[in-house]
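Subject: Structure handover

Hello,

Please find the structure below, followed by notes on what was found in it.

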Amino acid sequence: TANGLRDRQGRLRLEVYPPGNDEFLADDNVLLNAGKTFRRVDIAVPASGPATLCVRLPSAGTYTVSLLHDRDANRRFGFSIDGVGFSNNPRLGLARPSARSVRVIAGGGVTPLSIVMNYRRGLLSVGPIEQ
């Protein structure tokens, strides 16, 4: 579930990667060609109610998860407009978080995650929308 959305425009893209630092946020084609796990779900931001996405994983295990709020729906991350969140909700700086900080263990059934979205605030700050 995406929490703290700036608005209800654009698309949400959830991506699941293997747990290694070299694999986290790697090119999906490289991962798939190497036989590694990569999953993506892309939906329009719901007009109201919870923004919940679900992805089927190949098995229980450890993964890393990213969630993009593509506000302008251009299918790429724009630092000045889009929002981003990660499993475990690490505090973000201007660099990507480490894979270690966003690793989650998925069980054999539904494993709910609550991801707090972060947006650019000022010139050098990224963080959640203040409620």
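Leu94 sits in the loop between β5 (83-86) and α2 (99-102); helices (H or I, at least four residues) and strands (E, at least two) are DSSP runs, numbered from the N terminus.

This is a predicted model, in which local features need pLDDT of at least 70 and side-chain atom pairs count only at pLDDT 80 or more, while totals for chains, interfaces and linings use all residues. Residues are numbered from 1 along each chain as its sequence is written, and side-chain values use heavy atoms, with hydrogens and water left out.

Surface patch

Together with Phe77, Phe79, Leu123 and Leu124, Leu94 makes a nonpolar surface patch of about 570 Å². Patches are made of residues with over 30% relative accessible area and no salt bridge, with like charges joined within 9 Å and nonpolar side chains (Val, Leu, Ile, Met, Phe, Trp, Tyr) within 5 Å. Accessible areas come from the Shrake-Rupley method with a 1.4 Å probe, and for residues only the protein chains shown count as cover.

The largest pocket has a volume of about 560 Å³. Its lining counts 24 residues, with Cys54, Val55, Leu57, Val110 and Thr111 the closest to its centre. A pocket is found on a 1 Å grid over the protein atoms alone, as an open set of points where a 1.4 Å probe fits, with protein on both sides within 12 Å along at least five of seven lines; lining residues have an atom within 4 Å of a point. Grid points are joined across faces, edges and corners, and a volume is the space filled by probe spheres set on the points.

Strands β2 (11-17), β4 (61-70) and β6 (103-106) each supply at least two residues of this lining, and β4 gives the most, with 3 residues. By class, the lining of the largest pocket has 16 nonpolar, 7 polar and 1 charged (Ala, Val, Leu, Ile, Met, Phe, Trp, Tyr, Cys and Pro count as nonpolar, Asp, Glu, Lys and Arg as charged, and the others, Gly among them, as polar).

The second largest pocket holds about 440 Å³ of space. Its lining is made by 27 residues, and Leu25, Leu68, Phe77, Val84 and Phe86 lie nearest its centre. Two or more residues of that lining come from each of β2, β4, β5 and β8 (119-121). The lining of the second largest pocket divides into 16 nonpolar, 3 polar and 8 charged residues.

Salt bridges

There are 6 salt bridges in the structure, a salt bridge being a side-chain nitrogen of Lys or Arg within 4 Å of a carboxyl oxygen of Asp or Glu.

One of them joins Arg71 and Asp7, with the closest N and O atoms 2.5 Å apart. Arg71 is in the loop between β4 and β5 and Asp7 in the loop between β1 (2-3) and β2, 64 residues apart. Both Arg71 and Asp7 are buried.

Another pairs Asp42 with Arg11 at 2.4 Å between the closest N and O atoms. Asp42 lies in strand β3 (residues 39-44) and Arg11 in strand β2, so the bridge ties together parts 31 residues apart in sequence. Asp42 is partly exposed at 28% relative accessible area, and Arg11 is partly exposed at 29%.

Arg40 also bridges to Asp28, the closest N and O atoms being 3.4 Å apart. Salt bridges that share partners join Arg13, Glu15, Asp28 and Arg40 into one network.

Regards

Key
Buried means under 20% relative accessible area, exposed over 50%, partly exposed in between (1.4 Å probe, protein chains only).
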